Each structure stands twice: as C-alpha cells, then as structure tokens.
Amino acid sequence: MGTHGSFPDRNDWFERGGQHVWLPYTQMKTALPPLPVVATEGVRLTLADGRRLVDGVASWWTACHGYNHPHIREKVAEQMARMPHVMFGGLAHEPAYTLASRLAAMLPGDLNRVFFCDSGSVSVEIAMKMATQYWLNRGVPGRTKLAAFRGGYHGDTIATMAVCDPEEGMHSLFAGLLPEHLILDLPVDEESTARFERDLAAHAHTLSAILVEPLVQGAGGMLFHDARVLRTLRAAADRHGLLLIFDEIFTGFGRTGTMFACEAAGVVPDIITLSKALTGGTMALAATVASDRVFQAFWSDNAQAALMHGPTYMANPLACAAANASLDLFESEPRLAQVAALSRGLAVGLEPCRDLPGVMDVRTLGAIGVVELERIADMNGLKRRLIDRGVWVRPFGRIVYLTPSYTMDADDLAFLTHAVVDAVTEHQRATA
C-alpha cells in the first residue's frame with residue numbers, strides 16, 4: 001500500500017470503496033467528493049494528502065472536548081480490555097448503571113429513569129413510544145399523536161420524520177408514508193401564542209405530548225427562540241394534561257451555554273432525549289430519560305405494561321465508558337466557561353458578515369454561530385472556498401454555521417471565523 005508520510009495513501013481505499021459507499025445527505029452525482037480523513041487531533045482533521053483543517057462543526061456537534069482526548073481514550077481502552085459488549089436484556093454492567101446515576105443527578109427535577117439506545121433518532125422514537133404508552137397504561141386510548149413545530153428536526157427514521165417540519169425539512173418527499181401529527185408554529189409572540197393555544201385546545205384529546213428542541217431548532221436551520229417559549233409550552237402541557245418532551249440531542253451538554261438548554265428556562269420536561277456530545281464524539285450512544293411520573297405508568301404487575309423496546313447494542317459498555325469519561329471532563333475542566341468565551345469570540349468574529357449583501361442575519365448562542373443568507377447560490381463553490389482556507393465547515397440550506405469543540409482556543413477560533421467571513425464575502429461577490 002502506498003503512503004503519504006505516515007498515513008495510508010487514499011488511492012487504495014478511497015477509490016475502491018468509493019464505488020460502493022452511499023453517502024448521507026448527498027446527491028452523489030453532483031456533490032463535491034468527500035475529503036479522506038486519516039487522523040484527528042484536538043480541533044483538527046488530517047487529510048490523506050497531508051492537509052490539516054480546523055474543524056468548525058465538531059463532527060456534527062459531537063466532539064465537544066476536541067478529538068482524541070486522552071482521558072476518554074484511556075477509559076475506552078480499559079473497558080475494551082475488560083468487556084467491550086454484553087447484552088442489556090437480563091444482564092447489567094457497571095458503566096451503564098454508573099452513567100444512568102450520573103445523568104439522573106445532573107438533570108433537573110425528577111428525570112430519573114434512563115433508557116439507553118445508540119442513536120438520536122431512535123431516542124426520539126423511544127420518547128414518542130413512551131408518551132403514547134403512558135396514556136395506554138393509564139387506560140386512556142386515542143392519544144396517539146404529538147404536537148411538534150415548524151422548523152423542527154428530530155431524526156431521519158419514519159416516526160421521527162413525521163414530527164419534523166413538513167415543508168422546509170428534508171422529508172417532505174415522504175408525506176404519503178408518514179403518520180400525521182399536529183405541526184404548529186412556535187409560540188414566539190402574542191399572535192403565534194394565541195394561534196398555538198387555540199390549535200392545541202382543539203386537538204389536545206388526541207395528543208400524548210408536546211415535542212420541541214429547546215432554544216435552538218438545529219438541523220431545521222439553527223433557528224433560535226427564547227426561554228419564554230419553553231415556559232409557555234410547559235404551562236400549556238400542564239393545562240391540557242400532556243407530557244412535554246425536550247429533544248436535547250443538539251443542545252445538551254453545554255452547547256447553548258448551560259449544561260442543558262432547559263436550565264436556561266427553569267423548565268423541567270417529562271422526557272428528555274440526549275445523544276451527540278454524550279460520549280464526547282467517541283462512540284454511538286443515546287438516552288431517553290423519563291420522569292418518575294412517566295415511569296410509574298409502566299410499573300405494574302401486568303407484563304404488557306412494560307416498555308417493549310430493546311436495541312441490540314443498547315447501553316454498550318464501551319460507549320457508556322466513553323460517556324462517563326466525558327462527564328468526568330465536564331466536572332474537571334472548565335467547559336461552560338470555555339463555551340462562554342467561544343460565544344463572545346463567535347459574535348465578534350462573525351460580525352463583519354452582517355454588512356455583506358445578501359446576508360439576512362448573524363446570530364450566536366453559546367458555542368453556536370450562524371450566518372444566514374438569502375440563498376447560497378453556489379453550495380459547492382462555497383464549500384471549496386472554506387476548504388481552501390483551511391477549515392471544515394458544512395453549510396446547508398441557506399446558512400453557514402459554526403459549532404466548534406469547546407476546547408478550541410482563541411487563535412483557532414479567529415482563524416475559523418476569518419475563513420468564514422472571507423469565504424462568504426467571496427461567494428456573495430461571485431454570485432451577485
């Protein structure tokens with residue numbers, strides 16, 4: 001096999017495998033080919049040709065501690081040597097039980113029962129299933145729908161596609177396949193709140209729960225709303241006797257400035273879903289955490305009242321070891337202070353974009369920075385410009401967004417934001 005320095009040459013595996021791989025979210029006929037990555041370290045990706053890119057999106061927001069953190073690597077290696085996997089049906093192991101205890105202690109209120117799975121989409125499906133069965137177990141049939149919101153994104157599985165934005169999301173193509181839920185506008189002002197209250201009241205008898213991404217609707221366009229919205233939803237759920245589900249797959253573990261976005265509103269949901277940064281970007285793991293009230297509806301002498309769900313690799317010991325190590329780092333290193341510093345740096349660094357023609361908005365929250373354009377006329381061209389400037393950023397729709405690792409220092413952040421400003425400036429001039 002050929003090499004480039006100490007790394008395998010891309011031509012052996014990249015060219016051969018490229019004939020067989022099906023890539024995500026990609027029209028493979030027209031899109032730029034993927035970049036072959038051979039190593040990661042800190043906030044950088046090393047490509048097969050030797051280039052190193054500053055990663056501005058932390059691998060879909062997961063690598064919150066940067067790549068290859070020695071503490072996580074050490075704990076995963078220890079677990080690998082001891083027990084890489086054992087089924088969770090009828091068996092128990094320390095990494096999962098310890099992780100469940102720690103998550104329950106970190107989360108607000110009585111969110112005390114942790115159900116593990118291995119992807120964010122599935123954790124939302126489990127939450128939907130829990131909410132529906134909660135009512136069935138209490139002898140209340142017919143509550144089989146959820147209220148969700150335009151601009152929302154909750155996953156790519158059949159069930160979760162049905163609670164995503166039906167028009168602007170990625171899943172409008174499948175409208176005939178999907179079950180119908182109640183999709184509303186977020187109650188962000190007086191008019192939309194009145195409309196929300198009216199529509200919710202009309203359909204409450206068919207609903208099991210309200211589902212929302214708190215503070216930021218991520219893959220739907222990095223759309224922000226304030227804490228008052230969450231308090232409105234909590235009050236409405238209580239008034240109509242509905243469960244409230246927070247999808248914190250993106251926002252959880254410090255991304256918005258507090259450990260969990262719900263803390264900013266002082267609102268405790270009945271069910272919360274977690275994934276993404278749960279393992280620090282190391283292993284696939286997700287969790288659906290329910291309140292004591294929800295769990296009690298499943299605590300019964302009737303076997304049919306149990307939650308009949310069980311992913312094969314749920315509570316994988318390696319992934320749980322990585323998650324426990326990640327939580328160690330939140331306890332021992334100043335992650336939230338780093339997020340606050342990133343927030344200030346993103347606001348300053350992206351501000352020059354505000355005056356560019358065709359830029360609709362520049363917004364930041366925690367370790368999230370967004371430049372929203374009227375349109376991205378040449379997506380491939382914009383991506384090339386970013387790569388040419390030494391950064392990995394993945395624009396989508398009409399936004400260029402940054403979600404860096406919390407450990408990114410001021411110099412790398414300035415390099416990253418300068419690259420975005422320069423690339424967006426050149427793109428706007430070239431496509432005007």
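In the predicted model, domain 1 and domain 2 bury about 2200 Å² between them, and 67% of this area lies on carbon and sulfur atoms. Of the area that domain 1 buries against domain 2, 28% is supplied by Tyr25, Trp61 and His65, a share that exceeds that of any other three residues. The two domains into which the protein chain is divided comprise residues 11-65 + 334-431 for domain 1 and residues 70-332 for domain 2, and their centres, taken over C-alpha atoms, are separated by 27 Å. In terms of contacts, 24 residues of domain 1 meet 27 residues of domain 2.

Polar contacts, rather than salt bridges, are found across this interface: eleven residue pairs, both members at pLDDT 80 or more, are in polar contact, whereas the count of salt bridges between domain 1 and domain 2 is zero. On the side of domain 1 that touches domain 2, the elements giving two or more residues are α2 (58-61), α12 (335-350), β15 (359-365), β16 (368-373) and β18 (399-402). By class, this side of domain 1 is made up of 17 nonpolar, five polar and two charged residues.

Histidine 65, one of the three residues named above for their share of the area buried by domain 1, is placed in the loop between α2 and α3 (70-82). Its relative accessibility is 3%, so histidine 65 counts as buried. The side chain of histidine 65 makes a polar contact with the side chain of serine 326, at 2.7 Å. When residues up to four places away in sequence are not counted, histidine 65 touches Ile72, Gly280, Ser326, Leu329, Phe330, Arg335 and Thr407.

With a relative accessibility of 36%, proline 166 counts as partly exposed. Leaving aside neighbours within four places in sequence, the contacts of proline 166 are with Ser172 and Ile183; isoleucine 183 is 17 residues from proline 166 along the chain, and the C-alpha atoms of the two are separated by 7.9 Å.

Side chains of opposite charge can pair when their charged atoms come close, and a search of the whole structure finds 22 salt bridges. One of these joins aspartate 49 to arginine 51, with an N to O distance of 2.8 Å; aspartate 49 is partly exposed, having a relative accessible area of 39%, and arginine 51, at 36%, also counts as partly exposed. The side chains of arginine 239 and glutamate 197 meet at 2.4 Å, N to O, in a further salt bridge, and this pair links distant parts of the chain, since arginine 239 belongs to helix α8 (residues 227-240) and glutamate 197 to helix α7 (residues 190-203), 42 residues apart. Arginine 239 is partly exposed at a relative accessible area of 48%, and glutamate 197 is partly exposed at 24%.

A salt bridge is likewise formed between the side chains of aspartate 270 and arginine 293 (2.8 Å, N to O). Aspartate 270 lies in the loop between α9 (261-265) and β13 (271-274) and arginine 293 in helix α10 (residues 292-296), so that the pair ties together parts 23 residues apart in sequence. Aspartate 270 is buried, with a relative accessible area of 6%, whereas arginine 293 is partly exposed, with a relative accessible area of 38%. Finally, a network of salt bridges links Glu351, Arg354, Asp361, Arg363, Glu372 and Arg398.

Key. Residues numbered from 1 in each chain as written. Predicted model: local features only at pLDDT ≥ 70, side-chain atom pairs only at ≥ 80, totals over all residues. Heavy atoms only, no water. Domains from an automatic or database assignment. Contact = heavy atoms within 4.5 Å. Buried area = accessible area lost by both parts, 1.4 Å probe. Salt bridge = Lys/Arg side-chain N within 4 Å of Asp/Glu carboxyl O. Polar contact = N/O pair within 3.5 Å; in protein donor to acceptor, adjacent residues only side chain to side chain. Helix = DSSP H or I, 4+ residues; strand = E, 2+ residues; numbered from the N terminus. Nonpolar A, V, L, I, M, F, W, Y, C, P; charged D, E, K, R; others polar. Buried < 20%, exposed > 50% of the residue type's maximum accessible area, 1.4 Å probe, protein only.
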